[in-house]
Amino acid sequence: MDKTKNLICTCGSAKCLEESDILRLISKIKSAGEDFVLLDDLCRIAVDNPKKLQELCDNETNIYACQSRALAAILNYANVKNFAATFDIKTLNLSAETPVSESLPQALASWSGWYPAIDYSACTNCSKCVDFCLFGVYKKDEFVKVVNPQNCKDRCPACARMCPAQAIIFPKCDDEFLNGTKLLDKNKSTLDGSFYEALRLRRAHSKAAVKNNDEA
């Protein structure tokens, strides 16, 4: 019987995870005699090389990252269907483990891996994100989907703030209400009105600029 394989995201770009927790997790997995693979940034790999994730995973594979909702949405985006279980490293009790000495992979500097993922169990397919985003990240065919993740403006989670279903998740965002950790009261707005108005005006300005360039 093959050893259980464990994929561990080290979140090298955003540093969402404590290095000591990752090293304690590796210690626990080694003690169990299981194999593991370290990924520098699961979010980035899901976009740049989803086939790699698909090939690494099978029905015996455990996947460790952060924010369970975010992880599920990212795996769905990469069309990763075969795995045993997923775990949020932040919620694991690893205090009893002694950190191992292990060299963690460095994140690629070319792209931060900042982009939204959609929780389709919550999405109502209203397409407000499609109309709202200035950068062409989303498209709606039968369903709303992320089609140009690398177009997303780094550190901008505005679309998640205005999503009425809280279905848009930014795994690398510090805000727990935007990275999938927590849910807001559905009776409360997720976006300050003045901020929404500022973004609406920015979008109108952007459209006017494009029109003027076309006419020039």
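Reader: Where do I start? How many strands form the sheet, and in what order?
Author: This is a predicted model. Four strands form an open sheet. The order is S2-S1-S3-S4, and the pairing is parallel.

Reader: Which strands stand at the edges?
Author: Strand S2 (35-39) and strand S4 (85-88). Each has a single partner strand, so one side of each is left without a neighbour in the sheet.

Reader: And the twist, what does it average?
Author: From one strand to the next, the twist averages 20°.

Reader: OK, pairs now. How many bridges join S1 to S2?
Author: Five, and the two strands run parallel. For a spot to look at, find Asn6, which stands opposite Phe36 in S2.

Reader: What about S3 and S4, how many bridges there?
Author: Four bridges join strand S3 (residues 61-65) to S4. These strands also run parallel.

Reader: Which residue in S4 does Ile63 stand opposite?
Author: Thr86.

Reader: Switching to helices. Which strands does H1 touch?
Author: Helix H1 (residues 19-31) packs on the sheet and touches strand S1 (5-9), S2 and S3. The direction of H1 makes about 175° with that of S1.

Reader: And H4, what does that one touch?
Author: Helix H4 (residues 68-77) packs on the sheet too, touching S3 and S4. Its direction makes about 140° with that of S4.

Reader: Last one. S1, H1 and S2 make a β-α-β unit: right-handed or left-handed?
Author: Right-handed.

Notes:
Residues numbered from 1 in each chain as written. Predicted model: local features only at pLDDT ≥ 70, side-chain atom pairs only at ≥ 80, totals over all residues. Heavy atoms only, no water. Pairing = 2+ DSSP bridges. Axes fitted to C-alpha atoms, helices over the stretch in contact; angles between N-to-C directions. Contact = heavy atoms within 4.5 Å. Right-handed = clockwise from strand over helix to strand, strands pointing away.
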